[in-house]
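My notes follow in the order I looked things up.

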Amino acid sequence: MTDRTAPTGRTALPDATAPSRARRRGVAGWVDVRGRRLGGWAFILNRVTGLGVLFYLYLHLLVLSQLAIGPGAWDSLLKNWFLNPVFLVLDVVLLAGLLIHGLNGIRVSLVGFGLVVSRQKALLGAFGTIGAIVLLIGTLMFISHGG
Amino acid sequence: MSDTVTFRVHRFKHGDAASHHDSFEFEPGPRSTVLDALTAIRRTQDPTLTLRHSCFHASCGTCGMKVNGQEVLACVTNVRELGTGEVTVDPLGNAPLVNDLVVDMGPFYARLNAVERPLVRESELVTGARTASGIPQPLRYEDCIECGICISACPIAATDPEYLGPAALAAADRVREEPRGGDVPFVLGLADAPHGAWRCHVAFECSEACPSNEAPASHIMQLRRSLIGRRWRALLAQPVGAGR
Ligand code: HEM
Ligand code: SF4
Ligand code: FES
């Protein structure tokens, strides 16, 4: 057997670790939306919402830890903070983030395993529509319960 | 209203500390392309402007660049249809910069060579085409014109210099579909790697940007599907208790 890694008549891959003038934009390349299309936006939003929801998870645990202090601490948190309209808006943002990340995650999983590839745009549109409808219903529920 | 369009063109010469944009005025006709504009600018305004081009008809793949932030072939991009009074022209991204609008295509070509893709399709010979006597039967080439637009549009290539990239992965999938003497297990081995087909995050920017109907993202997904099948088969072929 010939050594597959040695270039015997084959072109070896360039040394990717060599310092280059590659002008890779690094992390800026992920979040730069200029010129990007729908799938590019989905990628960026998935990343941002994934990190956002992760941040929220820790925040959530921190808030829940107030329960350990006692009912007084919890009740005052509720009264002074969470019934505030600002938090109502944040609830909508959280729901939007979860919907974007979850639905896009299902899309990425399906398409990424080679399923629904030829209809991937329609899938994105369908999930977008489902997400918008659920977000609308959720927002109305937040308003009716929080008011 | 003047029909003159201002071209803001990326400039960089060897030894420059940083790149900048120079502005040039150009009056496009109804069918002027960005490449027409740039070659006219070079001819009449600044002979030091460097760019790559050859065929002027979307075949050679040398004139890929970013026009108003999006990757296009300059030779088939109509200036008027852009609809902007100012047109910004930049070199392709995710490739080493050489000069003005020229990037080093070497690493990109090396990846295409690594997957040892044959250039002529067997499945779609142009059998219906009529040829004059003495002229051989026309051949059907692969769709990819090796322009590098896909890797410039890819958000993953922005942070992973080792990523094989859309064009090479699409080419690998073409080898899988039609080996034509290629070493399929070797090529699939290159693709079945962290910086291969699994690196993609399904943004589909490559397929959107590709000017030549190659649909590299769909090829990456097909490739993954067959790689999953390959892994299953390898797993099932293992004798019970092996690997312990
Ligand atoms: C609703 C169910 C969820 C689904 C279906 C889902 C699915 C996914 C998928 C498929 C990816 C990979 C995306 C890619 O390849 O670009 C991903 C990335 C990620 N997810 Fe989730 N996820 C869910 C919930 C969550 C939650 C609750 C969190 C945070 C606590 C989270 C945090 C992240 C992060 C940080 C990433 C990495 C982002 C990136 O690589 O761009 N996900 N998720
Ligand atoms: S796959 Fe498309 S965008 Fe990429 S190099 Fe080939 S023709 Fe250009
Ligand atoms: S000049 Fe050949 S593709 Fe544009």
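Predicted model: local features only at pLDDT ≥ 70, side-chain atom pairs only at ≥ 80, totals over all residues.

**Entry 1: helix α8 of chain B**

I looked up helix α8(B) and found 22 residues, 216–237. From first C-alpha to last, α8(B) reaches 31 Å, close to the 32 Å expected at 1.5 Å a residue. Next I checked which of its residues are buried. Among them are Pro216(B), His219(B), Ile220(B), Met221(B), Leu223(B), Arg224(B) and Leu227(B). Then I asked what covers the buried residues of α8(B). The cover includes α5 (85–112) of chain A. It also includes α4 (149–153), α5 (166–177), α6 (184–191) and α7 (205–209) of chain B.

**Entry 2: salt bridges**

The count is 22 salt bridges over all chains. I picked out the pair Arg11(B) and Asp46(B), whose side chains meet at 2.8 Å, N to O. Arg11(B) sits in strand β1 (residues 5–11) of chain B, and Asp46(B) in the loop between α1 (34–44) and β3 (64–67), so this pair ties together parts 35 residues apart in sequence. Arg11(B) is buried at 4% relative accessibility. Asp46(B) is buried as well, at 15%.

**Entry 3: Arg174 of chain B**

Which residues does Arg174(B) pair with? One is Glu177(B), with the closest N and O atoms 2.6 Å apart. Both residues lie in helix α5 of chain B, 3 residues apart, about one turn of the helix. An α-helix has 3.6 residues a turn, so residues three or four places apart point the same way. The other is Glu178(B), at 2.7 Å, N to O.

Arg174(B) has a relative accessible area of 4% and is buried. Glu177(B) is partly exposed at 35%. Glu178(B) is buried, as is Arg174(B).

**Entry 4: cysteines**

How many disulfides does the structure hold over all chains? I found 0. I took Cys154(B) as a test case. Its closest cysteine sulfur is in Cys206(B), 6.6 Å away, which is too far for a bond. The cut-off I used is 2.5 Å between sulfur atoms. Cys154(B) counts as buried at 10% relative accessibility. Cys147(B) is buried too, with a relative accessible area of 7%.

Notes
Residues numbered from 1 in each chain as written. Chains lettered and ligands numbered in written order. Heavy atoms only, no water. Helix = DSSP H or I, 4+ residues; strand = E, 2+ residues; numbered from the N terminus. Expected span 1.5 Å × (residues − 1). Buried < 20%, exposed > 50% of the residue type's maximum accessible area, 1.4 Å probe, protein only. Contact = heavy atoms within 4.5 Å. Salt bridge = Lys/Arg side-chain N within 4 Å of Asp/Glu carboxyl O.
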